[in-house]
Amino acid sequence: MIYTVTLNPSIDYIVHVDQLAIGDVNRMKSDLKLPGGKGINVSRILKRINNESTALGFLGGFTGNFIKEWLERETIQTNFTPVADDTRINIKLKANEETEINGQGPVVSADEMNELKKVLAHLTADDIVVLSGSKPASIPTGFYQKLIEIIKAQGAAFVIDTTGADLMDALEKSPLLVKPNNHELADLYQTTFHSVEDIYPFGQRLLDEGAQHALVSMAGDGALLFTKDGIYRSNVLKRPVKNSVGAGDSMIAGFVGNFTKTQDPVEAFKWGVACGSATTFSDDLATAEFIQELLPEVQITKVN
């Protein structure tokens, strides 16, 4: 089983206005409410490419119920840990430019954190856990590391998609996959990239420090895959860009979903690029049909 863990889910409230006038009354052209959170996005895309998963994390209040019920309608298995506070709402305001206002998230108690740990204690060596996104402010530093220790103790594999110290500390635990974008990778190693080639030694460094595979997304420059057998680069698919939310999560879902079936990281990379690109070109997460349409257009080249 693939499990996704979202410590700080959200309702993503997407609001379209023709033009935003600060300090004045604005009228929506359209709006949409969607379940949000990086691990939840991964589970939703996994379902669309015929991979079952179970979504874990913290949910609370009427907002948490909205997310749980939405996922159940999509026939995605869930085993969320209930919390007393409401799950947050994130506002995605789309006008001439895209503006985001993200909530802080609920206060999560020590008992609620322990309940999630108990769920992970039932993993087996056949399972993969995808750890994605930020933590609510109430969750202490090092919580991801405690979850990873539980996962590893059960012999399960894990993927981590976060930044900074949480990512750096996870590397020594041999994650199946990490996925920083080029800016996050530069920040991680306190450097600057002036070309795609500048990224190569630092992607390789992720492997040297413990990752089994590393994906580095580069927006308009495509993406890179680092493996023990070499470095691979994808082409850039061409469609109007509609959405910046969930593309990286879709890429992870495509990679992990295919890798569990094929154990081929290059083929999994191809699926990751198709899923990530399809979401970039969609109003919500990509549909199964659109992913299949884009898949033949993805070209992977070994560059090193």
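**Exercise 1: The nonpolar cores**

Identify the residues with the most contacts inside the largest nonpolar core of this predicted model.

Solution. The largest nonpolar core comprises 45 residues. Within this core, the residues with the most contacts are Leu7, Phe58, Leu131, Leu147, Ile160, Leu224 and Phe226. Another core, of 36 residues, lies apart from it; Trp271, Ala274, Ala286 and Phe290 are among its members. In soluble globular proteins, nonpolar side chains tend to be buried together.

**Exercise 2: The position of Lys94**

Determine whether Lys94 counts as buried or exposed, and locate Lys94 in the secondary structure.

Solution. Step 1: Lys94 belongs to strand β7, which covers residues 88-94. Step 2: the relative accessibility of Lys94 is 12%. Step 3: the limit for a buried residue is under 20%, so Lys94 counts as buried at its value of 12%. Step 4: beyond its neighbours within four places in sequence, Lys94 contacts Ile14, Val15, His16, Val17, Lys242 and Asn243.

**Exercise 3: The sheet containing β7**

Describe the open sheet with the order β3-β2-β7-β8.

Solution. Step 1: this open sheet has four strands with mixed pairing. Step 2: β3 (30-36) and β8 (98-101) are the edge strands, since each pairs on one side only. Step 3: strand β2 (residues 10-16) runs antiparallel to β3 and is joined to it by seven bridges. Ile11 has Pro35 in β3 as its bridge partner. Step 4: helix α2 (residues 61-73) packs on the sheet and touches β2, β3 and β7. The direction of helix α2 makes about 80° with that of β3.

Notes
Residues are numbered from 1 along each chain as its sequence is written. This is a predicted model: local features need pLDDT of at least 70, side-chain atom pairs count only at pLDDT 80 or more; totals for chains, interfaces and linings use all residues. Side-chain values use heavy atoms; hydrogens and water are left out. A nonpolar core is a set of buried Ala, Val, Leu, Ile, Met, Phe, Trp, Tyr and Cys residues joined through side-chain atoms within 4.5 Å. Buried means under 20% relative accessible area, exposed over 50%, partly exposed in between (1.4 Å probe, protein chains only). Helices (H or I, at least four residues) and strands (E, at least two) are DSSP runs, numbered from the N terminus. Contact means heavy atoms within 4.5 Å. Two strands pair if DSSP finds at least two bridges between them. Axes are lines fitted to C-alpha atoms, for helices over the stretch in contact, and angles run from 0 to 180 degrees between N-to-C directions.
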